[in-house]
Amino acid sequence: MTENQERVGRRLIVTGGAGFIGSNFVRHWCQTYPGDRVVVLDALTYAGNRQNLADLEEKANLRFVKGDICDRSLVDGLLKEETIDTIAHFAAESHVDRSILGPGAFIQTNVVGTFTLLEAFRHHWPTLSTGDGQRPLFLHVSTDEVYGSLGPEDPAFSETTPYAPNSPYSASKAGSDHLARAYYHTYGMPTVITNCSNNYGPYHFPEKLIPLMCINMLLGKQLPVYGDGQNVRDWLYVIDHCRALDVVINKGKPGETYNIGGNNEVKNIDLVKTLCGLMDEMATELPAKPCEKLIAFVKDRPGHDRRYAIDATKIKTELGWEPSVTVEEGLRQTVEWYLTHRDWWEPLLSEEYQSYYRQVYSSGEE
Ligand code: NAD
Ligand code: TYD
């Protein structure tokens, strides 16, 4: 398939489509393939937000269903009623710090929820008529955190790196990856797994590093850097992740795993200082300037993985994807987005969020 005109339309369920990456993906998909049917299935947990899809609500081909991926009869009904041929599975509990405070929800959604979807699709996909060129697919969206932590000189994670998850979050994602893999090998179900590095960009919930730092700078609050700030993450602009998933859905091979990364390894402290510089430059008014004076080294996260790095050679050579946005451009656009979307993030700083924040950060500076 080389041109959009030649492709056969898809009918997708996007689980977690009201979350950060899911909503960016739904926007990408609706804009790129306006003829496709997109059904968003999202439980609207604290991390889900219908506002993330507000600009798309008028689209006739988009349907929003509030519901839990663990609800088998709901999932069965949607698959049948909408003759779904593709599940793009984003729904998850996604924050490491919350998984440390309460792992139960992670097991329920990430493991039991993924199992429920896999079981439902196992019974559904053979009923589809593939004569018209449709290619049923279960895309399981996962993380590089399943591979564990790297030393400074270790090679980046490849698709054959053994799994060694260290947090309840990454362990639950690893469990779901293994299930998705098993459904291909055991049942021949067309399943593809992607393992991606840290995303950033618009609609990122305030609890994660980059939005938390941007919002705290705008509020003149402390910028809490865990431990010594030397932990390394690979950062990918969320739109590039969505482009990668598009390529995987259209051209990926069932049974395969694809690593997705930005080739942007950055130490946390350097990233925070870059954000401070951008905010100083771009914000017209700030409660505290320069922002760097707000940086505080705080108690480390328990079991904090030291370094993640992704070798994304396979998706580049086999499917022709590579990132298009440099980290400099992406961070600038992200700071701009948080500066101009106060009406989006302010309501998210709810009492529940403040209570979570106190639990994680109450031990204060080191
Ligand atoms: P997010 O927390 O922003 O969004 C998760 C969404 O899932 C929310 O809309 C939430 O309401 C929904 N959800 C949660 N439990 C549900 C349930 N039981 N039933 C239905 N919906 C439910 O997460 P995100 O950052 O957008 O991540 C999406 C996926 O990508 C996750 O699977 C995550 O593991 C993976 N991932 C994330 C990153 C990252 O940097 N954020 C990187 C790699 C992979
Ligand atoms: P995060 O955005 O939670 O993503 P992940 O844990 O999935 O990589 O955190 C990114 C890095 O930033 C991670 O090394 C932890 C660190 N961090 C802080 O130093 N301070 C913070 O307040 C947060 C939320 C994260």
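The model is predicted, so local features need pLDDT of at least 70 and side-chain atom pairs count only at pLDDT 80 or more, while totals for chains, interfaces and linings use all residues. Residues are numbered from 1 along each chain as its sequence is written, and side-chain values use heavy atoms, leaving out hydrogens and water.

**Helices H1 and H7**

- Helix H1 spans residues 20-32 and helix H7 residues 238-251; helices are DSSP runs of H or I with at least four residues, numbered from the N terminus.
- Their axes (lines fitted to C-alpha atoms over the stretch in contact) lie 9 Å apart, at an angle of about 60°.
- That angle makes H1 oblique to H7; oblique is what remains after under 35 degrees (roughly parallel), over 145 (roughly antiparallel) and 65 to 115 (roughly perpendicular).
- Residues in contact (heavy atoms within 4.5 Å) include Phe20, Phe25 and Trp29 of H1 and Val238, Leu245 and Ile249 of H7.
- By class, this contact has 9 nonpolar, 5 polar and 2 charged residues; Asp, Glu, Lys and Arg count as charged, and Gly is among the polar ones.

**Cysteines**

- A disulfide is a covalent bond between the sulfur atoms of two cysteines.
- The structure holds 0 disulfides, counted as pairs of cysteine sulfur atoms within 2.5 Å.
- For cysteine 196, the nearest cysteine sulfur is that of cysteine 242, 9.4 Å away.
- Cysteine 196 is buried (under 20% relative accessible area, with a 1.4 Å probe and protein chains only), at 3%.
- The sulfur of cysteine 291 is 5.3 Å from that of cysteine 276, too far for a bond.
- Cysteine 291 is also buried, at 0% relative accessibility.

Conventions: Chains lettered and ligands numbered in written order. Axes fitted to C-alpha atoms, helices over the stretch in contact; angles between N-to-C directions. Helix = DSSP H or I, 4+ residues; strand = E, 2+ residues; numbered from the N terminus. Buried < 20%, exposed > 50% of the residue type's maximum accessible area, 1.4 Å probe, protein only.
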